[in-house]
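Thanks, everyone. I have one structure to walk through today, and I will keep it quick.

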Amino acid sequence: MKELKIDPELRDLLPPLADDEYKQLEKNIVDNGFDRNFPIMEWHGFIVDGHNRYSICRKHNIDYTIGTLAYETKEEVMRWMLDIQLGRRNLTPIQRILVAEKYRPVYEKQAKENLSKAVSESNKNRANPTLPNLVNMEQKPIDTTQELANIAGVGKETYRMGAKILNSDDEELKQRVMSGETKISTGYKELQNKNKPKVNDVAEKP
């Protein structure tokens, strides 16, 4: 069996399985064998999809099949992972936001590259008036939050509130929201109230 490598960035792109979910997956593979209809996907020797199945198969010496992705860049691989896994796994809204936030640097990089290409094309058109005007430089700027909300499958406002919570330093609040104990909207209000400057109730002397 071919041995694959693990890239921590790719491995940690998605929330890990809960202990009971992992144990159930392990039991299914041990009892029924590896499902060859769903191969472990790799890119340049690194696991892209199937980290848990790979570890279980290696642990129990179970044969597995491997598929290869032909993408050129790691960013393309990460987007593929998000598209596949967000549609496959039963994640809560806050978990989906957590996953999409990990993709923010990749998306922003691509947005900058697209803008650079647009400027380059526009300059070519200005230098050669006979070329058709293929680029509209007055188009609206890309709304990164809206795009990430679309990836996560939640509304823009829900995404904005969830991202604020996840990017805060209130670990206790984050855990409550991630566990489902506290709703995203409730957690956001709690965070806002915590960050409000304290008002001195003592009236100033004349």
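First, the ground rules. This is a predicted model, with residues numbered from 1 along each chain as its sequence is written. Local features need pLDDT of at least 70, side-chain atom pairs count only at pLDDT 80 or more, totals for chains, interfaces and linings use all residues, and side-chain values use heavy atoms, with hydrogens and water left out.

Confidence next. pLDDT is the predictor's confidence in each residue, from 0 to 100. The protein has a mean pLDDT of 83. Of its residues, 79% reach 70 or more. Look out for residues 134–139, where pLDDT stays under 50. The model has 8 contacts for that stretch beyond four places in sequence, a contact being heavy atoms within 4.5 Å. Where pLDDT is low, the predicted coordinates should not be read in detail.

Now the fold. We have 10 helices and 3 strands. These are DSSP runs, numbered from the N terminus: helices are H or I with at least four residues, strands are E with at least two. Along the sequence the pattern reads α-α-β-β-α-β-α-α-α-α-α-α-α. Take contacts between residues at least 6 apart in sequence: 69% of them join residues at least 24 apart.

How much of the protein is buried? Of the 206 residues, 36% are. Buried means under 20% relative accessible area, exposed means over 50%, and partly exposed is in between, with a 1.4 Å probe and protein chains only. Helix α5, residues 93–102, is mostly covered, with 7 of its 10 residues buried.

On to the largest pocket. Its volume is about 830 Å³. On a 1 Å grid over the protein atoms alone, a pocket is an open set of points with protein on both sides within 12 Å along at least five of seven lines, where a 1.4 Å probe fits; a lining residue has an atom within 4 Å of a point. Grid points are joined across faces, edges and corners, and the volume is the space filled by probe spheres set on the points.

Which residues lie nearest the centre of this pocket? They are L17, L25, G50, N52 and R53, out of 30 in the lining. Two or more lining residues come from each of α1 (8–11), α2 (19–32), β2 (46–49), α3 (51–60) and α4 (74–88). α2 gives the most, with 6 residues. By type, the lining holds 14 nonpolar, 8 polar and 8 charged residues. Here Ala, Val, Leu, Ile, Met, Phe, Trp, Tyr, Cys and Pro count as nonpolar, Asp, Glu, Lys and Arg as charged, and the others, Gly among them, as polar.

Salt bridges. There are 14 in the structure. The criterion is a side-chain nitrogen of Lys or Arg within 4 Å of a carboxyl oxygen of Asp or Glu.

Two sit inside helices. In α4, D83 and R79 are 4 residues apart, about one turn. Their side chains meet at 3.1 Å, N to O. D83 is partly exposed at 44%, and R79 is partly exposed at 29%. In α8, residues 156–166, R160 and E157 are 3 residues apart. That bridge is 2.5 Å, N to O. Both ends are partly exposed: R160 at 31% and E157 at 43%. An α-helix has 3.6 residues a turn, so residues three or four places apart point the same way.

A further bridge joins D170 to K194, at 3.3 Å, N to O. This pair links distant parts of the chain, 24 residues apart: D170 is in the loop between α8 and α9 (171–179), K194 in helix α10 (184–195). D170 counts as buried, at 11% relative accessibility. K194 counts as exposed, at 53%. There is also a salt-bridge network, linking D7, E9 and K74.

Last, backbone geometry. Most residues other than glycine have a negative phi, and most peptide bonds are trans. H44 has a positive phi of about 55°. H44 is in the loop between β1 (40–43) and β2, and is exposed at 54%. N61 also has a positive phi, about 55°. N61 lies between α3 and β3 (66–68), in the loop. N61 is exposed too, at 61%.
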